[in-house]
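Here are some notes for your first reading of this model. Please keep the structure open beside them and look up each residue as it comes.

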Amino acid sequence: LNSQCSTLTLNDLEPGLPDANPNVKGFAFSTSAAQNDMKASGWDCSKAPATPCTKGGQPFPTLQLVTTSGNALRQNTIQVIQQDLAKVGIPVNIDGNLYPAGTLFGDFASGGILANGKYDLAEFAYVLGLDSDGNFYGGYHSSQIPTTANPAGSNYQHISDSKLDQLLQSGRTTLDTAKRSTIYKNVQ
C-alpha cells in the first residue's frame, strides 16, 4: 500500500538463520499510516470503516484473501487481516477462499490458486532451511514465475526485478561464505 515505497523488502529469514539481515524490520499495523499511504495514492478513506476507500467515485476493489483449509490458526489470522484492512477502508473477501493444500499450492498446469494468481492476498508459511539460495531463489527469481512453460514455478507474486535476479544468481554461484552472506543480506 505504501505509494512512497521504492524498495521491495523481503523479511523472510528468521533471526538466527545464517544470512538473516538484522537491519530489515517489519512494519507494525497502523490504520492512520495506511490511510495516509492510500491518500497519497489518491484514495479517499475518510469514511472507513463504514465504507471502502474511493477514488474517482469508485470503491476500492474487494481483495481476495486465500489460505489453506483445515488450519484454525490461519483461518483466525485471515479474519484478523480482514478486520484490520476494513478499518483502513480496504474490503477483503475470505468466504470461499479456504483451499486444500494441494489446490492452493498446485502447479500452474493443475490450476493451483497461487500459481495461477487467483488471489490478491495469501496467508501461508514456508519451512526455511539454512541455505539462503533454497529460501529465496524459487520464490523470488523471475525465472521461477509459474507459466505454461514453467508450470512448477513458485514465484507466486510474479516478482520480476533485474537487480533482484542478479543478486540471487550471484548468491547461488558465489562460494565464499562471507561474500555469499552479504549478497543474501542485500537480497533482503
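1. Confidence. This is a predicted model. The chain has a mean pLDDT of 91, with 92% of its residues at 70 or more. Residues 1–5 stay under 50, and the model gives them 10 contacts beyond four places in sequence. Where pLDDT is low, the predicted coordinates should not be read in detail.

2. Arg74 and Glu123. These side chains form a salt bridge with an N to O distance of 3.5 Å. Arg74 belongs to helix H2 (residues 72–88) and Glu123 to strand S6, so the bridge links parts of the chain 49 residues apart. Both Arg74 and Glu123 are buried.

3. Arg180 and Asp131. The closest N and O atoms of this salt bridge are 3.0 Å apart. Because Arg180 is in helix H6 (residues 177–187) and Asp131 in the loop between S6 and H4, the pair ties together parts that are 49 residues apart in sequence. Arg180 counts as buried, at 17% relative accessibility, while Asp131 is partly exposed at 35%.

4. Asp133 and Arg172. Here the salt bridge has an N to O distance of 3.0 Å. Asp133 is in helix H4 and Arg172 in helix H5, so the pair ties together parts 39 residues apart in sequence. Asp133 is buried, with 14% relative accessibility; Arg172 is partly exposed, with 38%. The charged end of Arg172 also sits over the ring of Tyr137, 3.5 Å from the ring centre.

5. Aromatic pairs. The search of the whole structure finds 6 of them. Why is the pair of Phe105 and Phe124 called edge-to-face? Its planes stand at 90 degrees, with the ring centres 5.4 Å apart, and an angle over 60 degrees counts as edge-to-face. Phe105 lies in the loop between helix H3 (101–104) and strand S6 (121–123), and Phe124 in the loop between S6 and helix H4 (132–140), so the pair ties together parts 19 residues apart in sequence. Phe105 is partly exposed, at 32%, whereas Phe124 is buried, at 18%.

6. Phe124 and Tyr156. Phe124 also pairs edge-to-face with Tyr156, at 6.3 Å between centres and 80 degrees between planes. Tyr156 is in the loop between H4 and helix H5 (162–173), 32 residues from Phe124. Tyr156 is buried, with 10% relative accessibility. Together with Tyr126, the residues Phe105, Phe124 and Tyr156 form one aromatic cluster.

Definitions and conventions: Residues numbered from 1 in each chain as written. Heavy atoms only, no water. Phe/Tyr/Trp six-rings, centres within 6.5 Å; stacked < 30°, edge-to-face > 60°. Helix = DSSP H or I, 4+ residues; strand = E, 2+ residues; numbered from the N terminus. Buried < 20%, exposed > 50% of the residue type's maximum accessible area, 1.4 Å probe, protein only. Lys NZ or Arg CZ within 6 Å of the ring centre and 35° of its normal. pLDDT = per-residue confidence, 0-100. Contact = heavy atoms within 4.5 Å. Salt bridge = Lys/Arg side-chain N within 4 Å of Asp/Glu carboxyl O.
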